Amino acid sequence: MVKICCIGAGYVGGPTMAVIALKCPTIEVAVVDISVSKILAWNSDQLPIYEPGLDEVVKQCRGKNLFFSTDVERHVSEADIIFVSVNTPTKTRGLGAGKAADLTYWESAARMIANVSKRDKIVVEKSTVPVKTAEAIEKILTHNSKGINYQILSNPEFLAEGTAIKDLFNPDRVLIGGRETPDGLKAIQALKSVYAQWVPEERILTTNLWSAELSKLAANAFLAQRISSINAMSALCEATGADVSQVSHAVGTDTRIGPKFLNASVGFGGSCFQKDILNLIYICECNGLNEVASYWKQVIKVNDYQKNRFVNRVVSSMFNTVSGKKIAILGFAFKKDTGDTRETPAIDVCKGLLGDKAKLSVYDPQVTEDQIQRDLSMNKFDWDHPIHLQPVSPTAAKEVSFAWDPYEATKDAHGVCILTEWDEFKTLDFQRIFKQMQKPAFVFDGRNVVDVQKLREIGFIVYSIGKPLDPWLKDMPVMA
């Protein structure tokens, strides 16, 4: 029986291995992690991450050919194929701080693999890593090889949170990069035969190592660039009276461009976009490609500009001060159908409003109070380290409270900020919300989910990103 072991039981490792176990009943899959609480959660009824469809997959396989364990060394030593899916945070200090990836966790995983292995292994990069990581890992393994042959493959994940299980069942493509040597090609074939049990052959792409590593960074950079492009247009739409939804529809019907990732919003978030672009920028700079680096920097700059613009719009609309005013924050996750808050635009928006002394009441159907407190008290990039290495949140902002439903969050509020596009926000009883708010009552829609006209008829002053401005807002200039 082929044995697969995955080091790292997070957003990538857990779902990917669960689907491999489901689709390949003859393969034994073990997901290992040093975090006892994480493994306990994977073995319980309350999984550590929320992803539609994940529960069912895990319950079908757990205990049969899918195991979650803290016995890292035993499973690594028994495995034929080892996936490494550990954190690769952005460095916060030292060379490349703020841009380069920190490979500390990756390196310690590689050294541990070298220590416990008794026979040849295929080691697969699953984390998003900078180009040439495989080369570094290869050096560590070969210098500690004790005669064992290691083949390194890059198999980047292209999952979108909220649809990860669907993406795993029916991927656009599976990318496997390896050395173009006889042993390298054999290793590629071994991994390909795992995926081929449910993915059509033509969707399994094979490349050299560097192409596979760079393709992942490039794909995320292209997607983030589309969001920043439409967000840049949203600012121009507001200035000219155009409607960004109409513009994005007109642009998206061009088959060369296509309609995806053209929804204007308060900004992109998630664990990968910003991190991968920063990484790309660093690699470009290291290779003397400064013009290329500054091109990609602009994608992040526009994203930051969009979040600042939103905060400034809220403050300027409300008589240039939100001090002491209650503002309801509807949605904290970086997008709907996930509980993930990594790099969510809500963090910067909330911090911006708290900086102006607002009182916030937050509601999100999937994010815990503890997670929100932690996010609001952390420094940039700290979120990407294991929980025990994250700073312990001081009793975070006393000005933040947590509501169990949107109606409690909006009671007595001066304004409502919609920061995640949860479906339930489209069907809220805004008549009821209006009645219980302070007047004038403001709605700032950072995801373009509400019916602006309907809300204005109820009596709200509405700001919707990239839409023609409410007469009220035209008289309140935004300080950039």
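1. Helices here are DSSP runs of H or I with at least four residues, strands are runs of E with at least two, and both are numbered from the N terminus. On that basis the protein chain has 18 helices and 14 strands. The model is a predicted one.

2. Overall dimensions. The C-alpha trace spans about 75 × 50 × 45 Å along its principal axes. The radius of gyration is 24 Å. A compact globule of 480 residues would have a value near 23 Å, so the chain agrees with that expectation.

3. The sheet. It is open and has 6 strands, in the order β11-β10-β9-β12-β13-β14. The pairing is parallel. The edges belong to β11 (400-402) and β14 (461-464). Each has a single partner strand, so one side of each lacks a neighbour in the sheet. From one strand to the next, the twist averages 20 degrees.

4. Inside the sheet, look at β9 (residues 326-330) and β12 (residues 415-418). These strands run parallel and are joined by 4 bridges. A328 stands opposite V416 in β12.

5. A helix on the sheet. Helix α12 (residues 290-317) lies across β9, β12, β13 (442-445) and β14. Its direction is at about 170 degrees to β13.

6. α12 also packs with another helix. Its partner is α11 (residues 273-286), with the axes 8 Å apart and an angle of about 165 degrees. Angles over 145 degrees count as roughly antiparallel, and α11 is therefore roughly antiparallel to α12. The crossing is left-handed.

7. Which residues of α11 and α12 meet? From α11 come Q274, I277, L278, L280, I281, C284 and E285. From α12 come N290, V292, A293, W296, K297, V299 and I300. By class, this contact holds 10 nonpolar, 2 polar and 2 charged residues.

8. The axes of α5 (residues 104-116) and α6 (residues 133-143) come within 9 Å and cross at roughly 30 degrees. The cut-off for roughly parallel is under 35 degrees, so α5 and α6 are roughly parallel to each other. α5 passes α6 in a right-handed crossing.

9. The α5 side of this contact consists of W106, E107, A110, R111, I113 and A114. They meet I137, I140 and L141 in α6. The contact divides into 7 nonpolar residues, no polar ones and 2 charged.

Note on methods
Residues are numbered from 1 along each chain as its sequence is written. This is a predicted model: local features need pLDDT of at least 70, side-chain atom pairs count only at pLDDT 80 or more; totals for chains, interfaces and linings use all residues. Side-chain values use heavy atoms; hydrogens and water are left out. Axes are lines fitted to C-alpha atoms, for helices over the stretch in contact, and angles run from 0 to 180 degrees between N-to-C directions. Angles under 35 degrees count as roughly parallel, over 145 as roughly antiparallel, 65 to 115 as roughly perpendicular and the rest as oblique. A crossing is left-handed if the near helix is turned anticlockwise from the far one by less than a right angle, and right-handed if clockwise. Contact means heavy atoms within 4.5 Å. Ala, Val, Leu, Ile, Met, Phe, Trp, Tyr, Cys and Pro count as nonpolar, Asp, Glu, Lys and Arg as charged, and the others, Gly among them, as polar. Two strands pair if DSSP finds at least two bridges between them. The radius of gyration is taken over C-alpha atoms; the globule rule is 2.2 Å times the number of residues to the power 0.38.
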